[in-house]
Amino acid sequence: MPSLLFCGPKMAACGIVISIWGVIMLAMLGIFFSAKSAVLIEDVPFTEEDIRKDTNPPQNIYSLYNQVGINCFIAAGIYVAVGAVSLCQVRLNKRQEYMVT
């Protein structure tokens with residue numbers, strides 16, 4: 001029977017740690033972008049032409065803030081998936097330790 005094990009125990013544990021950190025960091029960034037934090041204005045992708053052409057510039061900037069926040073939440077979801085795969089790898093590694101070949 002083929003094994004689904006493709007990484008070792010240390011790499012799987014490292015994947016879990018990095019996933020936890022990524023989920024926390026990106027979820028917090030998503031919350032702050034959704035709250036339209038002024039500190040993060042440098043990370044919002046807009047140009048001066050966007051402000052000059054738009055008749056209601058704050059709404060354009062707010063929609064960009066929301067889009068970046070959604071992107072952060074999507075990336076946090078991807079980190080959750082990577083963490084789940086890493087957790088499965090840890091369990092498969094522990095199971096293989098006790099198997100006699």
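Student: Which residues of H3 are buried?
Tutor: Helices are DSSP runs of H or I (at least four residues), strands runs of E (at least two), numbered from the N terminus. Buried means under 20% relative accessible area, exposed over 50%, partly exposed in between (1.4 Å probe, protein chains only). In H3 the buried residues are Ile-61, Leu-64, Tyr-65, Val-68, Gly-69, Cys-72, Ala-76, Gly-83, Ser-86, Gln-89, Val-90 and Asn-93.

Student: What kind of model is this?
Tutor: Residues are numbered from 1 along each chain as its sequence is written, and side-chain values use heavy atoms, leaving out hydrogens and water. Local features need pLDDT of at least 70, side-chain atom pairs count only at pLDDT 80 or more, and totals for chains, interfaces and linings use all residues: the model is predicted.

Student: Which helices do the buried residues of H3 pack against?
Tutor: Contact means heavy atoms within 4.5 Å. One partner of H3 is helix H2, residues 48-53. The buried residues of H1 pack against H3, residues 57-98. From the side of H3, the partners are H2 and H1.

Student: What span does H3 reach from its first C-alpha to its last?
Tutor: The expected span is 1.5 Å times one less than the number of residues. H3 has 42 residues, with 62 Å expected. Its reach is close to that, at 63 Å.

Student: What span does H1 reach from its first C-alpha to its last?
Tutor: H1 covers residues 9-34, which makes 26 residues. The expected span is 38 Å. H1 comes close to that, reaching 37 Å.

Student: Which residues of H1 are buried?
Tutor: An α-helix has 3.6 residues a turn, so residues three or four places apart point the same way. H1 packs against H3 through its buried residues. These are Ala-12, Gly-15, Ser-19, Gly-22, Leu-26, Gly-30 and Phe-33.

Student: Are H1 and H3 roughly parallel or roughly antiparallel?
Tutor: Axes are lines fitted to C-alpha atoms, for helices over the stretch in contact, with angles from 0 to 180 degrees between N-to-C directions. Angles under 35 degrees count as roughly parallel, over 145 as roughly antiparallel, 65 to 115 as roughly perpendicular, the rest as oblique. The axes of H1 and H3 come within 7 Å and cross at roughly 160°. H1 and H3 are therefore roughly antiparallel.

Student: Which residues does Ser-86 touch, not counting those up to four places away in sequence?
Tutor: Ser-86 lies in H3. Its relative accessible area is 10%, so Ser-86 is buried. It touches Ala-12, Gly-15 and Ile-16.

Student: Is Gln-89 buried or exposed?
Tutor: Gln-89 also sits in H3. Leaving aside neighbours within four places in sequence, Gln-89 contacts Leu-4, Leu-5, Phe-6, Cys-7 and Ala-12. Its relative accessibility is 3%, so Gln-89 counts as buried.

Student: What distance separates the C-alpha atoms of Ile-70 and Ser-34?
Tutor: Ile-70 lies in H3. At 44% relative accessibility, Ile-70 counts as partly exposed. Ser-34 is 36 residues away along the chain, yet the C-alpha separation is 7.9 Å.
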